[in-house]
Amino acid sequence: MSSESSKKRKPKVIRSDGAPAEGKRNRSDTEQEGKYYSEEAEVDLRDPGRDYELYKYTCQELQRLMAEIQDLKSRGGKDVAIEIEERRIQSCVHFMTLKKLNRLKGRDQTHEAKQKVDAYHLQLQNLLYEVMHLQKEITNASGVSSKHEEIDLVSLEEFYKEAPPDISKAEVTMGDPHQQTLARLDWELEQRKRLAEKYRECLSNKEKILKEIEVKKEYLSSLQPRLNSIMQASLPVQEYLFMPFDQAHKQYETARHLPPPLYVLFVQATAYGQACDKTLSVAIEGSVDEAKALFKPPEDSQDDESDSDAEEEQTTKRRRPTLGVQLDDKRKEMLKRHPLSVMLDLKCKDDSVLHLTFYYLMNLNIMTVKAKVTTATELITPISAGDLLSPDSVLSCLYPGDHGKKTPNPANQYQFDKVGILTLSDYVLELGHPYLWVQKLGGLHFPKEQPQQTVIADHSLSASHMETTMKLLKTRVQSRLALHKQFASLEHGIVPVTSDCQYLFPAKVVSRLVKWVTVAHEDYMELHFTKDIVDAGLAGDTNLYYMALIERGTAKLQAAVVLNPGYSSIPPVFQLCLNWKGEKTNSNDDNIRAMEGEVNVCYKELCGPWPSHQLLTNQLQRLCVLLDVYLETESHDDSVEGPKEFPQEKMCLRLFRGPSRMKPFKYNHPQGFFSHR
């Protein structure tokens, strides 16, 4: 037995019946040792063989006693319980014997066996751990890649082609992959050394160049103040020579903040002015600071403002805006213009100037224009000429059908629906007109067949329309100014005919213009003798309408005139009604129809010299001549006494022709007679 087990066991004390109490132990040590029983000492004295025999005998006796108890219980009887009790007592004695044997021998042997098993198990665990550690090391060692595998070496073909023989060693490396890899690594090292040398050379060159750049920067930085002083000193010279370089430089600096369409217009208009029209003036108006603010992110300083606003909201109650106010705010935001605009001043020959201001609507991605005409001398505006130079109509239909009342961008209609805008025409007086030619000058094109997601300003589109549009604008202003002067004479009953056009008419014209007034579109539509023009679709709302009254004696000729905005390239259209001996129109008198044909169909004879600004007055003068011919060639009633009301003063080769008795309305110059066509 081990010393630990002996320490744990408490020695049993054998006492006699008359043994004294523990507190009165005053006998000798020999007497006390005789009173104690030690199992450790008995274990050393006992024979293991005899204990084994005793163990077998005890087990056999236990089996026998158990069998007898079982047999007695099965038989039953009065004396059985006593016999069973005796055998039970004997079995308990045998159990005590087994327990003692087990305590003396079995526990220490089991403990020793357990210690051996634990020792063997600990050795096994140590061995397994060593095996696992070795396997892990083997795995790590097998997974380690060499550094040369990370290097991107040249191919074998390039290696044997470029490497020198003392490195490639083809006779050795061809058959040995290891030597081949070593040789390729040597060649890679050699190449990298060369590249490193080149790199150092490039670095030295870079340092030299940087030093030169620094020297030049210092020179340029010192040059700028000198140039500024020179430019400041040369301002009087620039003004004297009409070479405003400083102003142009400022304009180009401002142009950097223009939106793309206005920038395209500015560049192309400036280029056109320098190349083709020196009188064209291009300028940029508006706030540059506001334009810069459009592209700046919100600053952090707004946080403080938001804090103060939050405090105010806690102390004061604010009413929420109504739905109508919100829609108005959304409309204003959608129709917002860019802070910068481009202004063109187009000068004509008579020193009149057409001022065009181009705007860009940022959310709609379209351009608009406002126009204003100024003259060298102040004009007396006739009553009938009120709409000729109106900013709302002076540029209408510069190209056919382009009235500038609808947006050219198809996507805008969907934007209008969101904010409740029915049409853009309600806002053109404030925003300007979005003519198609304005979009093209800005490089914008909105195809209707294949709409694009993003429309980009195109310089080539602007350049291709710039010259034609500028010429049309000049022609429009000149024609409107010419009409303005002519209307002043027509309102006074005078038909102005220039000397270049005198040959188109006879020397004596008796009929005279007595009235020239403007007519509203609705009133023109209600006239009974203009039905043909209305049915033909020639009476659009963009045209101008006038009424002329020509008299001779008792005969009165009414002429309803449709003046197209494209005058004089598009001629005016006349409809006639003669009040003399009844009412005569083209529906009941063929000669009235012939008179309309003379001014409407044969208008090219009346154009005069280019640009045909005298066409309208020549047509009115021709009507006066035609009325003379009509009245003078009318047959006289012989039953009426007295002189003829309209004596014949025009020379006619033939008074009538054909069953409809057509009159000779064609004037032949220079012979001075009238004939049939």
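How many aromatic pairs does the structure hold? The structure holds nine of them, where rings of Phe, Tyr and Trp (its six-membered ring) pair if their centres lie within 6.5 Å, and planes under 30 degrees apart count as stacked, over 60 as edge-to-face and the rest as tilted. The model is predicted, so local features need pLDDT of at least 70 and side-chain atom pairs count only at pLDDT 80 or more, while totals for chains, interfaces and linings use all residues. Residues are numbered from 1 along each chain as its sequence is written, and side-chain values use heavy atoms, with hydrogens and water left out.

One of the pairs is formed by Tyr-252 and Phe-266, which is edge-to-face because the ring centres are 5.7 Å apart and the planes stand at 75°. The pair links distant parts of the chain, 14 residues apart: Tyr-252 belongs to helix H11 (residues 245-255) and Phe-266 to helix H12 (residues 260-275). Helices (H or I, at least four residues) and strands (E, at least two) are DSSP runs, numbered from the N terminus. Tyr-252 is partly exposed, with a relative accessible area of 42%, whereas Phe-266 is buried at 3% relative accessibility; buried means under 20% relative accessible area, exposed over 50% and partly exposed in between (1.4 Å probe, protein chains only).

Phe-266 is among the buried residues of H12, which also include Leu-262, Leu-265 and Tyr-272. The 16 residues of H12 should span 22 Å, the expected span being 1.5 Å times one less than the number of residues. The end C-alpha atoms of H12 are 22 Å apart, which agrees.

A further edge-to-face pair consists of Trp-580 and Phe-646, at 5.5 Å centre to centre and 70° between the planes. Trp-580 lies in the loop between strand S10 (573-579) and strand S11 (583-584), and Phe-646 in the loop between helix H23 (615-632) and strand S12 (666-668), so the pair ties together parts that are 66 residues apart in sequence. Both residues, Trp-580 and Phe-646, are buried. Elsewhere, Phe-487, Trp-516 and Tyr-546 form one aromatic cluster.

Charged side chains also lie over rings. Arg-337 sits over the face of Tyr-359, at 4.0 Å from the ring centre, and Lys-663 over the face of Tyr-630, at 5.1 Å from the ring centre. A charge sits over a ring if NZ of Lys or CZ of Arg is within 6 Å of the ring centre and within 35 degrees of the ring normal.
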